[in-house]
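Morning, everyone. Please bring the structure up on your screens, and we'll walk through it together.

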Amino acid sequence: MTAAAHRPVAAVADGVDPALLVDIRRLVIARDGRRLLDGVDLAIAPGRIISLIGPNGAGKSTLVKVALGLIAPDEGTVRRRPGLRIGYVPQSLAVDRTLPLTARRFMTLADIRGRRATAAEIAQALAEAGAEGLENRSFHSLSGGEAKRVMLARALLQAPDLLVLDEAAAHLDMPGQIAFYRTLRTIRDRRGCGILLVSHDLHLVMSATDHVLCLNGHVCCSGHPDDVSRDPAFLALFGPMGAEALAPYHHAHDHVHDHVHIHGAGAADDCTAGCRQTGSTHPHS
Ligand SMILES: Nc1ncnc2c1ncn2[C@@H]1O[C@H](COP(=O)(O)OP(=O)(O)OP(=O)(O)O)[C@@H](O)[C@H]1O
């Protein structure tokens, strides 16, 4: 964590919705004279699953770091609900394979507000994450899917108001991804927590998400998955394969990009074709 992580973020004086877990407005993050994020709004309410999608280098991880409080905004405001508890599930963990480490030990590496988790709490969290009975397994022997669920269980120990998952379904096969997203929805339903996902898996993201934010430095489009899937900006970014992965959607764009996007296979050369911004994730906008 950098020194910037400890800098206080600006508070929004007016129009604050105290129910929001995270409230980001007109965010600018600039590095080396380049705006990595430009004018981004993101509001995360309890009980909502929000997915960040976008091509490589779109700023998804940067936005997550801002939401987590690891990066302070250069412009704009970031407000987190006072006392907000965040559970973070990384894409993967680099754990020294020479270290003997059971799943239980792994889960106690982080304190729960100054104390160690009890065996019962660990068992309960593992069960909720769909990793029941893995306590005594070597962490290194777990499959990608099992390790992901143990990391989710560890995040649940924090009784999070907000779960943040970076590349939630990475390293999981299709059945594993479907099952994992189903687990996330169950957790959301049971706990009422907000969930912020970063994912490259358009199909699953769309099927499991309440709200999608399509980033490419700025918010290209956002809204319900059905709507985003018909947005010309989305189609320009992700091309025919993206269009196939998603239901058609309606969205008007009123800005024209002045830069070329990084695209996946089959994508258009850029998203100047009708890419005009009207979308916002913010209920106040
Ligand atoms: N500290 C930094 N200094 C300069 N540039 C940075 C810094 N951090 C990130 N970037 C750049 O900002 C852009 C966005 O990076 P970021 O990791 O947020 O994208 P991403 O959408 O998560 O990408 P990916 O899908 O490839 O993981 C990239 O071009 C990256 O090189």
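This is a predicted model: local features need pLDDT of at least 70, side-chain atom pairs count only at pLDDT 80 or more; totals for chains, interfaces and linings use all residues.

Ligand first. What surrounds the ligand? The shell holds Arg31, Asp32, Leu36, Gly54, Asn56, Gly57, Ala58, Gly59, Lys60, Ser61 and Thr62. Sort those residues by type. Two are nonpolar, six are polar and three are charged. Which element gives the largest share of the shell? Helix H1, residues 60–68, with three residues.

Is H1 mostly covered or mostly open? Mostly covered: seven of its nine residues are buried. They are Lys60, Thr62, Leu63, Val64, Lys65, Val66 and Ala67. Notice Lys60 and Thr62. Both are in the ligand shell, and both are buried. Just past the end of H1 sits Gly69, with a positive phi of about 90°.

Next, the sheet. Strands of a sheet pair through backbone hydrogen bonds, either parallel or antiparallel. Here we have an open sheet of six strands, with mixed pairing. Read across it: S5-S6-S7-S3-S8-S9. The edges are S5 (86–89) and S9 (219–223), and each pairs on one side only. On average, neighbouring strands are turned by 15° against each other, direction ignored.

S8, residues 211–215, runs antiparallel to S9, and four bridges join them. One example: Leu213 has Ser222 in S9 as its bridge partner.

Finally, back to the helix. H1 packs on this sheet, touching S3, S5, S6, S7 and S8. The direction of H1 makes about 150° with that of S7.

Notes:
Residues are numbered from 1 along each chain as its sequence is written. A residue is near a molecule or strand if its C-beta atom, placed from the backbone, lies within 6 Å of it. Helices (H or I, at least four residues) and strands (E, at least two) are DSSP runs, numbered from the N terminus. Ala, Val, Leu, Ile, Met, Phe, Trp, Tyr, Cys and Pro count as nonpolar, Asp, Glu, Lys and Arg as charged, and the others, Gly among them, as polar. A residue is buried if 20 or more other C-beta atoms lie within 10 Å of its own, exposed if 12 or fewer, and partly exposed in between; C-beta atoms are placed from the backbone. Two strands pair if DSSP finds at least two bridges between them. Axes are lines fitted to C-alpha atoms, for helices over the stretch in contact, and angles run from 0 to 180 degrees between N-to-C directions. Two residues are in contact if their C-beta atoms, placed from the backbone, lie within 7 Å.
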